[in-house]
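Please open the model in your viewer and keep the selection panel at hand.

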Amino acid sequence: MNNWKDMTQDRLVRPIHPGEVIADIIDDLDINTAKFAEILGVPNQTIQEIINCQKPITVDITIRLGKALGNGPRLWLNLQQKVDIWDALQSHKEEYEQVMTLV
């Protein structure tokens, strides 16, 4: 149980959203979001929402990113998971403290 808390509990700020990383990569590749979306086979609006941190990346997107960028889906899944856990802890911290540890 402490392992999931160790990942995020001591952070004072939200972990970096995968969209911020994607925005940097697109910039480094010197391509626009429409071209990147085309490469991934998804709507440009999806990429825009992810880059603007308005939408989480899905498993489908992580697979597409991992294939396109050659680094596999795990990196992207981990980035999103850290954000999701941090957000949940911020929203429901008191509730989680009430859950009894069984093992």
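Begin by selecting glutamate 38, which is exposed at 58% relative accessible area (exposed means over 50%, buried under 20%, and partly exposed in between, with a 1.4 Å probe and protein chains only). The model is predicted, so local features need pLDDT of at least 70 and side-chain atom pairs count only at pLDDT 80 or more, while totals for chains, interfaces and linings use all residues. Residues are numbered from 1 along each chain as its sequence is written, and side-chain values use heavy atoms, with hydrogens and water left out.

Lysine 35 is partly exposed, at 39% relative accessibility. Helices here are DSSP runs of H or I with at least four residues, numbered from the N terminus.

The structure contains four salt bridges. Another to display is that of aspartate 87 with arginine 14, whose closest N and O atoms are 2.7 Å apart. This pair links distant parts of the chain, 73 residues apart: aspartate 87 belongs to helix 6 (residues 74–97), and arginine 14 to the loop between helix 1 (2–8) and helix 2 (18–29). Aspartate 87 is partly exposed at 25%, as is arginine 14 at 34%.

Next, select helix 3 together with helix 4. How do they pack, by angle and axis distance? The angle is about 115° and the axes are 8 Å apart, which makes the two helices roughly perpendicular (65 to 115 degrees counts as such). Axes are lines fitted to C-alpha atoms over the stretch in contact, and angles run from 0 to 180 degrees between N-to-C directions. Contributors to the contact include Phe36 and Leu40 of helix 3 and Ile47 and Ile51 of helix 4 (contact means heavy atoms within 4.5 Å).

Finally, turn to the largest nonpolar core, which has 14 residues; Ile22, Phe36, Ile47, Ile57 and Leu65 have the most contacts inside it. Such a core is a set of buried Ala, Val, Leu, Ile, Met, Phe, Trp, Tyr and Cys residues joined through side-chain atoms within 4.5 Å. Helix 2, helix 3, helix 4 (44–51), helix 5 (59–69) and helix 6 each give two or more residues to this core.

Notes:
Salt bridge = Lys/Arg side-chain N within 4 Å of Asp/Glu carboxyl O. Parallel < 35°, antiparallel > 145°, perpendicular 65-115°, else oblique.
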